[in-house]
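Dear colleague,

I am passing a structure on to you with this email, and below it you will find my notes. Please keep the sequence and the model open beside the text while you read.

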Amino acid sequence: MTINPTPASATPEGGHLLELRDLHVEFRTNEGVARVINGVSYHLDAGETLAVLGESGSGKSVTAQAIMGILDTPPAFVRSGQILYQGQDLLTRSEEQRRQVRGKEIAMIFQDALSALNPVFPVGWQIGETLRQRAGMSRGDARRRAVELMDLVKIPGAAKRIGDYPHQFSGGMRQRVMIAMALALDPKVLIADEPTTALDVTVQAQIMDLLADLRRELNMAMILITHDLGVVAGVADRIAVMYAGRIVEHADVRSLYKAPAHPYTKGLLESIPRLDVRGQELSTIKGLPPNLMRIPSGCPFHPRCPYVQQVCVDEVPHDLVLGDGRTSACHFAQEVRDDSVAR
Amino acid sequence: MTASPANPTKVRGETILSVDNLVKHFPITQGVLFQRQIGAVKAVDGVSFELRRGETLGVVGESGCGKSTLARLLMRLEKPTSGRATLEGKDLFKASGGELRRLRRNMQMVMQDPYTSLNPRMTVGDIIGEPFEIHPDAAPKGSKAKRVQELLDLVGLNPEHINRYPHQFSGGQRQRIGIARALALKPEVIVCDEPVSALDVSIQAQVINLLKQLQGELGLSYIFIAHDLSVVRHIADRVAVMYLGRIVEIGTEDEIYERATHPYTQALLSAVPVPDPEARDQRNMIRLVGDVPSPADPPSGCHFRTRCWKAQEVCAVEDPATVPRAADPHPSACHFAELRPTPA
């Protein structure tokens with residue numbers, strides 16, 4: 001039952017708000033070269049929510065940093081690929097031109113609001129800083145706008161709290177302050193990197209609701225980076241699942257949860273304990289994620305995969321386009337999906 | 001306050017650990033030379049429960065609810081302000097010297113963060129073998145290395161890795177080392193403080209399965225502290241829900257997850273994201289407003305009343321006891337305890 005299958009990569013040139021093409025990023029360290037991103041392509045259209053799902057070390061945050069142009073270089077280097085924003089390749093732009101895109105066109109919020117905010121300045125000043133520096137507002141205007149933004153993210157008593165410091169806010173409120181900062185220049189794309197991982201469930205629900213509302217009200221596109229399959233199911237339109245620096249599966253959210261077509265996605269979905277399902281033994285994915293300095297030959301998932309055959313060791317699987325407009329980088333995608341349906 | 005659960009159905013053994021009205025207040029002081037106490041953070045504020053042999057008691061709650069302080073009290077890493085706890089009939093807080101050492105042997109802990117809870121300068125063999133130095137009778141002379149290797153094997157690690165250092169292991173493997181260390185003295189009770197929170201999803205399931213398997217093989221009793229309600233449902237026989245230092249509801253896994261009567265438990269359960277996009281529009285979620293109040297200045301009466309949609313005047317005046325309620329015969333600390341109408 002695929003009601004609304006969004007084509008994964010079939011849309012013609014130029015149509016996307018943001019598009020990544022075959023991005024490669026590596027970390028050059030003393031111990032060797034870690035290939036952190038190995039050919040990531042995805043796209044984002046106006047007003048939609050794309051979830052990028054993966055475990056630690058899968059490259060999901062580094063991809064976002066590459067889009068923002070905030071990679072730590074060195075050790076991180078973009079080896080090849082394109083990041084097209086409204087048809088323009090950001091990677092060929094000068095640092096000053098990229099600065100114009102950052103915040104104004106594409107903004108980002110981070111996992112840990114406490115370390116992302118400056119502890120020695122009041123939050124109102126920090127929200128206003130962007131407005132003064134980038135929008136050329138006067139102090140008074142910036143202050144008024146900061147109050148509006150704090151109202152927008154539903155911080156109670158915004159006008160009174162504008163002079164408070166980050167430590168005077170709770171975790172959820174701090175996250176709201178950071179969202180207000182990100183929204184200051186009216187970005188078209190908001191990248192949220194694990195926005196609720198550090199929060200409690202009841203607060204997490206508040207923040208996810210807020211993000212969904214804001215996205216709708218302001219008609220932003222959102223990239224939600226997370227490891228939490230539950231959070232994704234609640235808000236995303238499409239999902240890109242990352243493993244060892246590659247997108248292994250890309251689909252609209254309903255068909256992916258209904259019938260995952262990559263063994264990694266299938267394993268992940270089966271290994272999470274669920275609140276609504278009582279079970280005894282959890283199924284597990286055997287082994288560990290690969291060391292990015294020594295990514296296995298062929299399909300990087302093959303040492304952990306229950307479907308493994310000789311071809312998986314020898315050949316890197318290409319994105320297999322499945323009937324309903326989704327892709328899976330697995331030699332046996334069709335079988336995996338059929339098994340998932342049968343389950 | 002007697003909160004001994006009303007004869008739950010899943011009795012698998014006699015009571016091994018019994019906690020009665022445990023209180024821990026951390027003083028807040030002012031002044032440098034003459035420190036005056038101006039208040040107290042009521043981290044644990046009158047907690048009572050029983051743990052039975054071979055069962056897992058899940059303790060859930062949000063950050064700041066006192067669940068980790070409870071763990072530290074039970075391990076005697078903190079001194080309680082008042083209250084009693086007995087392990088196999090012996091008073092945990094009165095024991096000292098040799099008796100305390102014997103008690104501690106019976107109760108071990110697995111920590112949350114496998115990166116900071118293992119000494120980076122010690123080999124795995126030294127880490128797991130250290131308990132034997134304090135309790136030499138637990139492993140006869142010369143058999144220490146053999147015993148460590150048995151433990152490594154038991155938790156699913158390669159026994160040949162006895163001379164490796166913690167940094168050579170992944171997060172999940174380190175957590176296994178932590179578990180092996182806790183098992184070294186053959187304890188009967190293990191307090192697990194968020195043992196899988198720091199791990200990736202695919203690794204988390206491996207560790208949960210290991211804990212369950214060890215419980216079956218060794219007949220362990222667990223106090224399993226976590227903020228993830230889905231994980232707790234998977235491993236726990238009984239569950240205690242904490243809010244601002246108190247247990248607000250306690251019962252069997254089924255009583256808490258299917259027939260919760262306390263509004264906080266209901267809200268907490270409804271906020272857990274369900275990994276199923278089809279359920280997105282059908283879920284009737286209870287949205288709590290605001291944050292948890294400071295434990296230094298908890299609301300009068302029922303601690304939850306400031307965020308509760310059922311709050312009435314009585315809630316501000318009278319502190320509801322954690323006792324069986326008419327709605328369902330398991331203890332719940334709410335004046336208006338009732339089952340949720342037509343669950344989502």
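Which residue of β8(B) is the bridge partner of Gly58(B)? It is Phe224(B), and the notes below start from the strand to which Gly58(B) belongs. This is a predicted model, in which local features need pLDDT of at least 70 and side-chain atom pairs count only at pLDDT 80 or more, whereas totals for chains, interfaces and linings use all residues. Residues are numbered from 1 along each chain as its sequence is written, while chains are lettered from A and ligands numbered from 1 in the order in which they are written.

Strand β3 of chain B covers residues 56-60; helices (H or I, at least four residues) and strands (E, at least two) are DSSP runs, numbered from the N terminus. Five of its five residues are buried, so β3(B) is largely enclosed by the rest of the structure. Here a residue is buried if 20 or more other C-beta atoms, placed from the backbone, lie within 10 Å of its own, exposed if 12 or fewer, and partly exposed in between. Both faces are covered, with Thr56(B), Gly58(B) and Val60(B) buried on one side and Leu57(B) and Val59(B) buried on the other.

Strands of a sheet pair through backbone hydrogen bonds, either parallel or antiparallel, and two strands are taken to pair if DSSP finds at least two bridges between them. β3(B) runs parallel to β8(B) (residues 221-226), to which five bridges join it. With β9(B) (residues 238-243), β3(B) pairs in the parallel sense over four bridges, and there Val60(B) has Val241(B) as its bridge partner.

Chain B also holds an open sheet of four strands in the order β2-β1-β4-β5, with antiparallel pairing. Its edge strands are β2 (36-52) and β5 (90-91), each of which pairs on one side only. Between β1(B) (residues 15-30) and β2(B) there are 13 bridges, and Gln30(B) has Arg36(B) as its bridge partner in β2(B).

As for chain A, its secondary structure comes to 13 helices and 12 strands, and 50% of its 343 residues count as buried. A compact globule with 343 residues would have a radius of gyration near 20 Å, and the 21 Å of chain A agrees with this; the radius is taken over C-alpha atoms, and the globule rule is 2.2 Å times the number of residues to the power 0.38. Along the principal axes, the C-alpha atoms of chain A fill a box of roughly 65 × 50 × 40 Å.

With best wishes
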